[in-house]
Amino acid sequence: TGGMVRVNHTLFKIKKIPVFYLPVMLFPTGEKKRSSGFLLPTIGNSNDKGRSVSQALYLVLGRSADITLRGDYFSKRGFGQGLTFRTRPNALTSLELDWYSVKDRKNQGGTTLTGIGETRLPHGFRVVADFNLVSSFVFRQVFSDNFYTATLPTDNSRVFLSNTSGSRSFNLIVSRE
């Protein structure tokens, strides 16, 4: 316990056919703790963006917060960068912010900022925020990760404040489309 398990000469097979060989594998046997480090890089290819290479760095900021910094290179478009910040400072509060920006060679670049958060305030008040801000519709179409996000005709951002005390309720919503 608290050490490492070492496995030598591991051969992975699918239906008795050798697929992958690892000369050495190390596994920690101690308590699982979050740790900072580089994530696995990804590569890809797209007709519109060209070849792409992405790399991310995950940083633990403490027991209840972390940040992921990422960089992308698109051979036909240029560089993109982003960050994701997540925190849960206590059982009643959580926040996640995601920012991404691309300086595009075809003048279709832009920036997006999304976030979702919730907290409980004194005297029974609760605040919830859910927002999605994007600099242009074209940027969202070109650089979205999925079809649903790329084809949304509008973005909605909301902040909601509520309080229920006995038989009385107070609700306030601020919304932007």
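Author: Two strands count as paired here if DSSP finds at least two bridges between them, and the model discussed below is a predicted one.

Reader: How many of the nine residues of S12 are buried?
Author: A residue counts as buried when its relative accessible area is under 20%, and as exposed when that area is over 50%. Ser169, which lies in strand S12 (residues 168-176), has a relative accessible area of 55% and is therefore exposed. For S12 as a whole, which is hardly covered, the count of buried residues is zero.

Reader: With which residue does the side chain of Ser169 make a polar contact of 3.4 Å?
Author: Once neighbours within four places in sequence are left aside, Ser169 is in contact with Asn163 and Thr164. The polar contact of 3.4 Å runs between side chains, and the partner of Ser169 in that contact is Thr164.

Reader: Which residue in the turn between S1 and S2 has a positive phi?
Author: Strand S1 (residues 4-14) and strand S2 (residues 17-28) pair in the antiparallel sense over ten bridges, with Val7 standing opposite Met25 in S2. The two strands form a hairpin with two residues between them, and the residue in the turn with a positive phi, about 50°, is Lys15.

Reader: Is Thr10 buried or exposed?
Author: Thr10 is found in strand S1 and, with neighbours within four places in sequence set aside, is in contact with Phe20, Tyr21, Leu22 and Met25. Its relative accessibility is 13%, and since the limit for this class is under 20%, Thr10 counts as buried.

Reader: Which residue is the bridge partner of Gly44 in S5?
Author: Strand S4, residues 42-46, and S5 pair in the antiparallel sense over five bridges, and a hairpin joins S4 to S5 through three residues. Within this pairing, the partner of Gly44 is Ser52.

Reader: What is the relative accessible area of Gly80?
Author: Gly80 lies in strand S7, residues 78-90, and its contacts beyond four places in sequence are with Arg70, Gly71, Asp72, Tyr100, Ser101 and Val102. The C-alpha atoms of Gly80 and Arg70, ten residues apart along the chain, are separated by 8.3 Å. Gly80 is classed as buried because its relative accessible area is 3%.

Reader: What is the volume of the largest pocket?
Author: The largest pocket is lined by 25 residues, of which Asp98, Tyr100, Phe143, Ser144 and Asp145 lie nearest its centre. Among the elements that each supply at least two lining residues are strands S5 and S6 and helices H1 and H2, and by class the lining has ten nonpolar, nine polar and six charged residues. The volume of this pocket is about 710 Å³.

Definitions and conventions: Residues numbered from 1 in each chain as written. Predicted model: local features only at pLDDT ≥ 70, side-chain atom pairs only at ≥ 80, totals over all residues. Heavy atoms only, no water. 1 Å grid on protein atoms, 1.4 Å probe; cavity = no way out; pocket = protein on both sides within 12 Å on 5 of 7 lines; lining within 4 Å. Points joined across faces, edges and corners; volume = space filled by probe spheres on them. Helix = DSSP H or I, 4+ residues; strand = E, 2+ residues; numbered from the N terminus. Nonpolar A, V, L, I, M, F, W, Y, C, P; charged D, E, K, R; others polar. Buried < 20%, exposed > 50% of the residue type's maximum accessible area, 1.4 Å probe, protein only. Contact = heavy atoms within 4.5 Å. Polar contact = N/O pair within 3.5 Å; in protein donor to acceptor, adjacent residues only side chain to side chain.
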